[in-house]
Amino acid sequence: MMSSAYPIAIPTTRRRFWPVDWVFAIAAGAGTCLALFRYFNAMDAWEAGILILAGAALGAAGMRWRPLQGLSYATAAMSMLALALYDGNLARGESSLLLKYLLSSQTAIMWMGLCAWGATALYIAGAAAGNRQWLRRAARAAWAACVFGLAGLFVRWHESYLVGADVGHIPVSNLYEVFVLFTVITTLLYLHLEDRLGDRVLGAFVMPAVSAAVAFLFWYGAARGAHGIQPLIPALKSYWMKIHVPTNFVGYGAFSIAAMLGIAWLAAGRGRMASRLPSREWIDELMYKCVALGFVFFTIATILGALWAAEAWGGYWSWDPKETWALIVWLNYAAWLHCRLVKNLRGAVLAWWALAGFFVTLFAFLGVNMFLSGLHSYGSL
Amino acid sequence: MKAFIQLLRSMRFAIAILTVVAIASAIGSVLEQGQPTAVYVGRYGEFWATLFAMTGLTDVYHASWFLGLLGFMAVSTALCLAQHTPSMLRDMRSFREHKSLQSLMQLPCAAELDAVRPDSTLRARAGAYLRTRNFRFVTRELQNGGYVLAARAGGMRRMGYLLVHAAIVLICVGGLVDGNIGLRLGMMRGEIVPETRDLPPADVPPQSRLDEGGSFRAVLNLNEGGTEDAAYLPVNDGYLLQELPFSVRLKRFHVEHYGNGQAKDFVSDIEIIDGDTRREARLQVNHPFTYKGITFYQSGFGDGGTSLALDLVPLDSEAAPAAIAGRVGGDTPVLLGGEAYRIEFTDFRAINVFSGEQEKGGTWFAPASQGDMHDVGASLSFRLRDALGQASEWEVFMRPIEAQGARYFVIGKRDAQQSSMRYVRLPADGDGKLAAYRRFSAAMKRPEARERAARTVAARAQNRELAAAIERSALLLLESFAEKGFRAVAELVEAGVPGAEQDKAAPLYVDLLQRAAAILHDDAAGDASSRFVRDSLIAYNDAVESGIGLYLDLTGYKQVHSSALQVTRAPGAAIVYLGMAMLALGTCAMYFVRERRLWIWVLPAVGKVFVGLTANRPLPGLQAEFIEHRAALLNLIHSRS
């Protein structure tokens, strides 16, 4: 019974909202209205609808998970400061010191990466030494990474409009930008899990995956010059991109965490880690939660993708390599869930399978872009 | 039969099907699909190509066995659904209020609470508590004033199960409807035969025409001003003609551009002509248009017969350029070096956007910029066919292109046996014209010009004794270079210098060649900067090697676009979309809804309360949750109102 002491996802009493929660809800609403009025001309009706729903979702989520409030305030403050400093002139990015060394999207993304690396190091050191203080600092660094990453994306969004009024677009349009998104979403998902679990040791397993993503991001930016803001190709100019891509990355992020928890499950059985980690029973449960959450979002993302494809390519399914691999990922996790829920499979098989599933997902995410051509490579038209 | 159905609806079978579909899909994504047979033979050899064709791996997603697998998946899911639906619905409605006390106490989460004299208000307060925790419940009266509160929460989770599995069946059915089984069957029976000849629509025979019934995804190519009433459906090595119930006219096509010339949007203004009805519509990428269940998409574009006025510029002489006219898609006879050729114009692009050279100075920390894409101007593709019918492919850019600080006219050529286009960069002179290079090239071809250049080089030599030898060498170099390019210089070095000295001698030869070439330039009153001389030598060499003796200069054009529209009809789409909505709702319900059952047995006669909690699956956190409930109930029991 003691191994079950983790209070995961149990609303202990009926949820009580504090005044700060209502303040946050009002702030989210006000921010949405501000964005709506200020950028009304840049949006079509769908996009306005997406903005309103996103604002409502943020308000509701922040009321239920309080740390999100601080994240939102910090991100909003940084982004708005950057916008004010730019003052409609991209060249300020070089002349204003604050922009150059802290707030311009490129710099903020660099800080995000450094914070994520720092968090990873602290998590690993804290878990190895059993030092709670370090683990607490690791979590703070991970939060800082999220703030920098999100602010970087928002500022980049603004910068894209400064590059050219018709160039502006949400920064989820290429591999460089979605890696930033992946870093932020995966870290946030993990922090939520950590908060609900009340134990930070698993960060030593999850955050290395985020750090690897950051390493790729830096390499990709530095070696390939991938960080430049490019105008959108016609096929990507659609409001669908705003919902399809982020939804997909919640899925990718959750699947990645599940894979890392698979490793944690395997490690929990042996050596020194056994005493430091939550019980295997709990890791197994968390792994299931992550796969299931990923599955929900991946399903919705694939559906959104199919709807977009129906509008852009003339068919909801074309067996394009990206679509095909999305199906393979989906089938893989569907089988995983069936084995666990129906066949009551547990333990090492599922842990290894979650890890293998990660490589399938990785291929769908990266490999398809690298090795297979198709509609998603945007080579045609 | 019963055993077969048993197998179909078994979980093991379902997972096996999932796995096979996944593997087949993976193969289809790696092996290029739907290519002509020759491609596979060329790439994998006869044996594998035959094997691929036999197993349908060259078109996996439309192979009958693959569709069969999808069918099995639908049937298996449907059977599983049929089997489980009644019990699921029963479970959703039932409160299991008749669960015995004994089986209750055998639950992992169950407890016996002491309640010496349960308050008469306990029932109401326990009920209120259950309601605040989102439970619904029924009460069963027991003897001696006892009662059971049987509660459940999250019954919608089971609805999620039903929705998800029904959705899979619907999506498979809708997909199979749009997978066009009728067409496949017709082709198998030989009633529908793909046409392989290039025929005008009116001449396509009836067995290659499809009427308006089924689902299709066809291509409609329209020239500006043109009208069509049938679209092409590519099938294997041929095509079928899909008839449309109306005609479509392309009024205008245009490409919108960003500031840097990159394409921003492709726009077709079309007109539907349906009897007396005329409907105008604008198609853009991501903005399709639907008329009478048939949807049009902007999917590509090309040249629809641009008319061109060109100057044919010979590179080997200073003869005046010959003016020619032509049309993309047509051909024009020309005389080259006294021989008859035809130029077949294949494509014209008014705008070509390329990414320029990587800027060395930029750092990763520099603020984001709009890339380095820029427009290099118009290009023309054509085939040059000789009297024997042999053709080479050419591409020429109409404006000098900047590279490393200088400007060049670019022309490329590919012979039938070559795999890639070979480009030559002809340096532009100070006026941005080709004139200086043409003078140089013509001088290089003239023996007396070469002799004069060799003499001048020798005359400038400081060592008079060597002058004669220098003149001889320079002349030999120029003559050989004029004929064969740099290859000739290499041959001269090899023939005239002992092996050990070759590495030292080669630069001297090249230097001599450059000095002579500079004089050739001076002589022809050209620009004598050494960069220009070097570029000219390289251009001359490349032109000799690839056999490029002409350049085409565009003097005027009137562009006519063609637009490729995708025309589709998907009667299964509505079913699929319904399935998708159910799938999204269902997965959400299955993940976010937590299913719990809670029983509270109250036995006032013996002064006991029993409580038990279950979830739909074993949960490590259930104990903690149970402790909460137990504490809350204890609180209720002991705090009397």
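Reply: The answers below take the chains, their helices and their interface in turn. This is a predicted model, in which local features need pLDDT of at least 70, side-chain atom pairs count only at pLDDT 80 or more, and totals for chains, interfaces and linings use all residues. Residues are numbered from 1 along each chain as its sequence is written, while chains are lettered from A and ligands numbered from 1 in the order in which they are written.

Me: What makes chain A as compact as a globular protein of that length?

Reply: The radius of gyration is taken over C-alpha atoms, and the globule rule is 2.2 Å times the number of residues to the power 0.38. For 381 residues the rule gives 21 Å, and chain A has a radius of gyration of 21 Å, so chain A is as compact as a globular protein of that length. The C-alpha atoms of chain A fill a box of roughly 60 × 50 × 45 Å along the principal axes.

Me: How does chain B stand against the value for a compact globule?

Reply: A compact globule of 641 residues would have a radius of gyration near 26 Å, whereas chain B has 41 Å. Its C-alpha atoms fill a box of roughly 135 × 65 × 50 Å, taken along the principal axes.

Me: Which secondary structure elements do chain A and chain B have?

Reply: Helices (DSSP runs of H or I, at least four residues) and strands (runs of E, at least two) are numbered from the N terminus. Chain A has 14 helices and 0 strands; chain B has 16 helices and 26 strands.

Me: Into which domains is chain A divided?

Reply: Domain bounds come from an automatic or database domain assignment. This gives domain 1 (23-64), domain 2 (68-232) and domain 3 (239-376) of chain A. The C-alpha centres of domain 1 and domain 3 of chain A are 29 Å apart. In chain B, the centres of domain 1 and domain 3 lie 32 Å apart, again over C-alpha atoms.

Me: Why are H13(A) and H14(A) called roughly antiparallel?

Reply: Two packed helices are described by the angle between their axes and the distance between the axes. Axes are lines fitted to C-alpha atoms, for helices over the stretch in contact, and angles run from 0 to 180 degrees between N-to-C directions. Angles under 35 degrees count as roughly parallel, over 145 as roughly antiparallel, 65 to 115 as roughly perpendicular and the rest as oblique. The axes of H13(A) (residues 321-341) and H14(A) (residues 348-371) come within 9 Å and cross at roughly 170°. H13(A) and H14(A) are therefore roughly antiparallel.

Me: How do you know that H4(B) and H7(B) are roughly antiparallel?

Reply: H4(B) (residues 64-93) and H7(B) (residues 156-178) pack at about 155°, with axes 9 Å apart. They are therefore roughly antiparallel to each other. Their crossing is left-handed, a term used if the near helix is turned anticlockwise from the far one by less than a right angle, and right-handed if clockwise.

Me: How many residues of chain B are in contact with chain A?

Reply: Two residues are in contact if their C-beta atoms, placed from the backbone, lie within 7 Å. By this criterion, 56 residues of chain B are in contact with 67 residues of chain A. H2(B) gives the most to this side of chain B, with 11 residues.

Me: Why are H13(A) and H2(B) also described as roughly antiparallel?

Reply: Their axes are 9 Å apart and the angle is about 160°; H13(A) and H2(B) are therefore roughly antiparallel. Their crossing is left-handed. Among the residues making the contact are A:Trp325 and A:His338 of H13(A), and B:Met11 and B:Ser29 of H2(B).

Me: Which classes of residue form that contact of H13(A) with H2(B)?

Reply: Ala, Val, Leu, Ile, Met, Phe, Trp, Tyr, Cys and Pro count as nonpolar, Asp, Glu, Lys and Arg as charged, and the others, Gly among them, as polar. The contact has 13 nonpolar, 7 polar and no charged residues.
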